[in-house]
Amino acid sequence: MSDCLFCKIVEGKIPSSKVYEDDDILAFKDIHPARPVHILVIPKKHITSLATVSPEDAPVLGKMLAKANEIAVAQGSPDGFRVIINTGRVGQQEVPHLHMHIVGGPDPVGPMLKRV
Ligand code: 5GP
Ligand code: ZN
């Protein structure tokens, strides 16, 4: 997608602090970290969100999850982390290229969500 921020990061047209890359996925530091460790993991292929995935996207989605611990440990979150995938309007997704946040660090990340 020519006008997609994260596709431009994949293409190297916009710089990023890469921490992991293979043929299918890219991981880089969030520009505005919410925790000491805050990594975004994306499919290199443009997928808009979890609301638009196809059955053939299952392997790349699995790979994103399967790599999460390795990335978290390497970045300084050895005792666990949290994964967040904001989706669509209700999920308050800001960048319309599917991305998985890995947040962590030395200390617990805090409560999940306020209960209603
Ligand atoms: P969302 O709210 O869509 O789940 O998260 C988008 C994330 O992308 C935000 O945490 C934001 O800080 C991050 N972000 C937005 N623009 C850029 C950018 O140009 N580079 C990097 N590395 N992160 C970005
Ligand atoms: Zn994209």
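Two strands are taken to pair if DSSP finds at least two bridges between them. The model discussed here is predicted.

Q: Which residue in S3 is the bridge partner of Lys29?
A: S2 is joined to strand S3 (residues 37–43) by five bridges, and these strands run antiparallel. In S3, the bridge partner of Lys29 is Ile39.

Q: Is strand S2 (residues 25–29) largely enclosed or largely open?
A: A residue counts as buried when its relative accessible area is under 20%. Four of the five residues of S2 are buried, so the rest of the structure leaves this strand largely enclosed.

Q: How much of ligand 1 does the protein bury?
A: A polar backbone atom of Lys29 lies 2.9 Å from a nitrogen atom of ligand 1. Oxygen atoms of ligand 1 are 2.9 Å from a polar side-chain atom of Asn86 and 2.8 Å from a side-chain N or O atom of His99. Ligand 1 taken alone exposes 530 Å², of which the protein buries 85%.

Q: Is Phe81 buried, partly exposed or exposed?
A: Phe81 sits in the loop between helix H3 (68–75) and strand S4 (82–84). With Leu65 and Val83, Phe81 makes a nonpolar surface patch of about 240 Å². Because its relative accessibility is 31%, Phe81 counts as partly exposed.

Conventions. Residues numbered from 1 in each chain as written. Chains lettered and ligands numbered in written order. Predicted model: local features only at pLDDT ≥ 70, side-chain atom pairs only at ≥ 80, totals over all residues. Heavy atoms only, no water. Patch = residues over 30% accessible without salt bridge, like charges linked within 9 Å, V, L, I, M, F, W, Y side chains within 5 Å. Areas by Shrake-Rupley, 256 points an atom, 1.4 Å probe, with all protein chains shown as cover. Salt bridge = Lys/Arg side-chain N within 4 Å of Asp/Glu carboxyl O. Helix = DSSP H or I, 4+ residues; strand = E, 2+ residues; numbered from the N terminus. Buried < 20%, exposed > 50% of the residue type's maximum accessible area, 1.4 Å probe, protein only. Polar contact = N/O pair within 3.5 Å; in protein donor to acceptor, adjacent residues only side chain to side chain.
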